Amino acid sequence: MTFSLASQLLGAAGSVDYGETFEGLMESTGFLNLDWGNVVMIVIACFFLFLAIKFKFEPLLLVGIAFGMLLSNIPGPISDWIYHPELWVGDEVASSGVVDYAKVLNEGGLIDILYIGVKTSVYPCLIFLGVGAMTDFEPLLSNPKSLILGAAAQFGIYVAFFLAVCFGFTGPEAASIGIVGGADGPTAIWLTKALAPDLLAAIAIAAYSYMALIPVIQPPIMRLMTTKKERAIVMKPTRKVTKAEKILFPIIIIIATCLFLPSVAPLLGCLMLGNLLRECGVTARLSDTAQNALMNIVTICLSVSVGATAHYTTFLTTKTLLIVVLGLVAFAFATVGGLGIGKLLCWLTKGKINPLIGSAGVSAVPMAARVSNLEGLKAKPGNYLLMHAMGPNVAGVIGSAVAAGFFMAVFAPMV
Amino acid sequence: MGEITILDALVISAIGFAIVFVVLIILMCIVLLMGLAADKGHVVTSKFPGFGKKKKEDEDAAAEETVAEQPLAAGTCGELTLIRTEERDAAMIMAIVADATDTPLNQLRFKRIERLDDAEVEK
C-alpha cells in the first residue's frame, strides 16, 4: 500500500517505478529468504573461524574453508553472485556425467570460477608441488624401513572404507571417506572431487579438522599400545645421505610408482617435481616460489572454494555426521596400524626401533612426527625422535597417494 | 551407481592394503639399493685413502684460511667448528639445546658439533 502510494507520487515525475524497485529490493534481502539451514551453517562457519583463530586449528586452511562456507550460506540471491551447485552436481550434470565449462564461465559466480581448479585437480596437485618443495626426504632415505611404517599407517583408510560400505555408502563414496584416514588434505580432495563431489565439503572439513586434532587423537592410542620401556628406546643417528641420492630419489620414485599405478601420476608427479626443484640445486627461485607464493595463492583458492561447496542443502545431512564419525575411526586405525608394525619392527630389530615413530606414518606432515617426538620425550627426557619420525611421516604422504591412486583406478570407471 | 557388497568391500580393502605395501616395499628396495651404491663409493674412498682425499684436504684447508681471514662479527661468541655436520642440522641442535636447557640461544656458546659414526656412538 505504502509502496504503491510512493510509486504513484514519484512515478508522476519520472519513468522509474519506485514501488516495484523497493519491493524488489526488500524481496532480495537475506531476511526474507532466511531458512533454518542458513542459520545453522552460519553458526557452524563462525565456530570453525573461532577454532582456527583462537585455537590455531589448521588456520591456513580452516579460515578460508569457514569463510567460503559463510559466503555460500548467506540467505538471499547472494548465491547468484557466488556459487551455483547445480552447475557441478545438478541433475543435468549427473545424467550427462560432464560439466559444461562454457556454462560455468558464462553463468558462474566467483566461487564457480575458482572451483574449476578443484574440479580439474589443479589445486591439489599444485599444493603437492609446494609440499614436495618443502619436504626433506633425507630421514626416509637414511632409514628406508620408514616406508613400511608409512604403508602400515594406511590401515585406517581401508577400515573406514569397509565400515562406510557397511553403513550403506556406495563404493566411490566409501573410498572418498576412507581416504580421510590418510591424513592428507590434497589427496582427500583430489580423490573426492572425482568419486563423490557432493561429499567434498564434508570430507575436506573432516580431514583438516582431524589433522589439527592429531595431538589429541594419537597420544592415548600410543600410550595404550606401547609400554613405557618401548617409548623410551633411544634410536641411533641415521646415516648421512649424499646429494646424488637426494636428486635421484624423486626421479626414480616417480618412474617406479607410475609404472605400477599410473593413476597416481598427477599427485606424486607434482610431489616429486617439487622435491626435485628443491634438491637439484639449480632451481632455487622455482623452489622458493613453489614453497611460498604459489602455495599460498593456491591455498586461498582451494580453501575458499571447498568451503563454499558446504551449502546447507547438501551439508546438513546424516551423511555428514557419518563422515565425521568414520573420519575419526580412520585416523584412530591409521595410528593403530603404524604402531602395530612399529612394534613388530622393534621386536625384529631387538629394540633398535622405537615403535612410536610408526604412528607418524599417518602423513599430516609434520604434526604426527612432532607428536611422536613429544611422547618419546615424555617417556625419557632427551629422547628426540623427530628426525626418525619424519621418515615414516613423509613415507605416509607417498602411501596415502598410492592408496588414493588404487581407489581411483578401481572406482573411477563406476562414476 | 557404484554400489558394492560388504564382501566386495572386504576384498577391495585387502587388495588395496596389499598393493600399498607392495609398492612401498619396492620403493624401499630401490632406496636401499641407492644407499648401497652410495656406500660403495664411500668404501672405495676409505680403502684407497689417497683417492680424492688430498683434494678434499686442500679444499678444507683453503676454506679454513678463508674463514680465518674474515673478521668476527660484532657481539659474536667466537667460532663454531662443524665436523661432518651441515649448518642446518647444527642450527637445529643448537635450538634443541636452548629449548632443553631453557637458556636463550644468545647466552649459550657452542664450540664444536661433530657427527659420530655408529661405532663411535657405541663406544
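This is a predicted model: local features need pLDDT of at least 70, side-chain atom pairs count only at pLDDT 80 or more; totals for chains, interfaces and linings use all residues.
Two residues are in contact when heavy atoms lie within 4.5 Å.

**The interface**

Chain A brings 50 residues to the contact, and chain B brings 39 residues. Between them, about 3800 Å² of area is buried. Carbon and sulfur atoms give 78% of that area. Which residues of chain B lose the most area to chain A? They are B:L24, B:V31 and B:M34, which together make up 15% of what the chain B side buries.

Three salt bridges join chain B and chain A. One of them pairs the side chains of A:K240 and B:E86, at 3.2 Å from N to O.

**The chain B side**

Three helices of chain B each give two or more residues to the side that touches chain A: α1 (6-47), α3 (87-101) and α4 (118-122). The largest share, 24 residues, comes from α1(B). The table sorts the residues of this side by kind.

| Kind of residue | Number on the chain B side |
|---|---|
| Nonpolar | 26 residues |
| Polar | five residues |

**A residue in chain A**

Now turn to A:T192. It is found in helix α15 of chain A, residues 185-195. Is A:T192 buried or exposed? A:T192 counts as buried because its relative accessibility is 0%, and the cut-off for buried is under 20%. Setting aside neighbours within four places in sequence, A:T192 is in contact with A:S176, A:P197, A:L199, A:L200 and A:I203.

Methods:
Residues are numbered from 1 along each chain as its sequence is written. Chains are lettered from A and ligands numbered from 1 in the order in which they are written. Side-chain values use heavy atoms; hydrogens and water are left out. Buried area is the accessible area (1.4 Å probe) that two parts lose on being put together, summed over both. A salt bridge is a side-chain nitrogen of Lys or Arg within 4 Å of a carboxyl oxygen of Asp or Glu. Helices (H or I, at least four residues) and strands (E, at least two) are DSSP runs, numbered from the N terminus. Ala, Val, Leu, Ile, Met, Phe, Trp, Tyr, Cys and Pro count as nonpolar, Asp, Glu, Lys and Arg as charged, and the others, Gly among them, as polar. Buried means under 20% relative accessible area, exposed over 50%, partly exposed in between (1.4 Å probe, protein chains only).
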